[in-house]
Amino acid sequence: MVTGTHPEEVDLFDYVEGELSADRRTELEFHLASCATCAKQVALVQAGKDALRESQLLHLPPARREAISTSLPTQRRAPDRSPALSPRRLLAILTPVAAVAAVVVVLVSSGVLETNGNDQAGSAAAGATSQLQMEDQAGGAEAAPPVMKVAGPATTVADELRRKGIRARAVGNKVEVRDATQAEVERALGYRRTGRVEIVLIP
Amino acid sequence: MDDPDGPLVRRAQKGDRWAFEQLVDRHQHRLFTLATRLLGSPDEAADAVQEAFIRAWLGLSSFRHGARFSTWLYRICLNAVHDQRTKRPTAPLEEVAEPVDPRDQFVAHELSGALQQALAALEEDYRGAVVLYDVLGCSYAEIAELTGVAEGTVKSRIFRGRKRLAELLGTRTERE
């Protein structure tokens, strides 16, 4: 308990917190009465405790509370989902896929549907590619006047817009927004203070 | 463990958004206090709290009922605070330059005070320990779980944090 002539730090702490046994407390009080070093430490720790306990609970601004509600994604990961797909879940996914494939095979073989599956797959892939290209090219889009200026940082604003389902990316001190109207952006960011991050709509 | 949040958490885990909103209402101010005292900026703190609740909602299925929900939430908030801090180099001055909203004047007043300035001067481990223990009332065990150290270390950090804080406040008072 005692290192040299002084009590250990944890003992002094327990003394301040009133967590020592009666015997140990008496022993320590006896030491404190004759040791200015330990008595000063105890006084400082008590003063620090008092200052901290006087501090108030800070209240989250109501607009931010509202923003939390609006920014919670509607789709949440299913509870207790295991990392791997269970056989039952796999079956649930594959069954409709197999059914559609079977219908396509029947239609193709009966001549109702032209054999243009490759073209369809190709155009789907092309669509995905062009989507990706759009994302990549977002930084090179024409400069447009900002529809809003809000407090940043820009990356945080872009993150928030994406969470709310709006396509956005931070480019320097700007946030480029695609496929969204000014009203949608204002709804999403209206609670933010005016700042230097420019929100630009990319047509 | 008897967790007062248990019933709401169980409902939220089944997708009950209303139950989760109740949990947000219950914990929002404590998380905001934690984040604000650690970051020193109400705007950054609000961002961290918002992020923490979103992460909690998305990761609710990973919460196991052996632990307290509040401890789990504090852990997420501490991570969000850490992430917020790492973002600072990109645009640190802008937040400071924003005008203060009158609604936030109380928070601004608290942050401009000697206590916050002394807290900001504390070593990070000490600051976390004293805020969690003395301001939010967490137990030694909770803080040990949150910070990954032994309970004895938690006590030592609170002891040293309080002592340093008092010294900083005392120095300030003497100069005034």
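**Where chain A meets chain B**

Modeller: Let's start with the polar side of things: between chain A and chain B there are 20 residue pairs in polar contact, counting pairs with both residues at pLDDT 80 or more. Keep in mind that this is a predicted model.

On the chain A side, the elements that put two or more residues against chain B are helices H1 (9-16), H3 (36-54), H4 (62-71) and H7 (154-163) of chain A. H3(A) gives the largest share, with nine residues. Sort the residues on that side of chain A by type and you get 25 nonpolar, 14 polar and 17 charged.

Now the whole contact. Chain A brings 56 residues to it and chain B brings 63.

What about charges? Side chains of opposite charge can pair when their charged atoms come close. Between chain A and chain B the count is seven salt bridges. One to find on your screen is Arg53(A) with Asp134(B), whose side chains meet at 2.8 Å, N to O. Over all chains, the structure holds 24 salt bridges. Among them is a pair inside chain B, where the side chains of Asp5(B) and Arg26(B) meet at 2.6 Å, N to O. That pair ties together distant parts of the chain, 21 residues apart: Asp5(B) is in the segment before helix H1 (6-13) of chain B, while Arg26(B) belongs to helix H2 (residues 17-39) of chain B.

Back to chain A, and to its sheet. Four strands make an open sheet with mixed pairing, in the order S3-S6-S5-S4. The edges are S3 (148-150) and S4 (167-171) of chain A, each pairing on one side only. From one strand to the next, the twist averages 25 degrees. S5 (residues 174-178) and S6 (residues 197-202) of chain A run parallel and are joined by five bridges. If you want a spot to look at there, Arg178(A) stands opposite Ile202(A) in S6(A).

Key
Residues numbered from 1 in each chain as written. Chains lettered and ligands numbered in written order. Predicted model: local features only at pLDDT ≥ 70, side-chain atom pairs only at ≥ 80, totals over all residues. Heavy atoms only, no water. Contact = heavy atoms within 4.5 Å. Salt bridge = Lys/Arg side-chain N within 4 Å of Asp/Glu carboxyl O. Polar contact = N/O pair within 3.5 Å; in protein donor to acceptor, adjacent residues only side chain to side chain. Nonpolar A, V, L, I, M, F, W, Y, C, P; charged D, E, K, R; others polar. Pairing = 2+ DSSP bridges. Axes fitted to C-alpha atoms, helices over the stretch in contact; angles between N-to-C directions.
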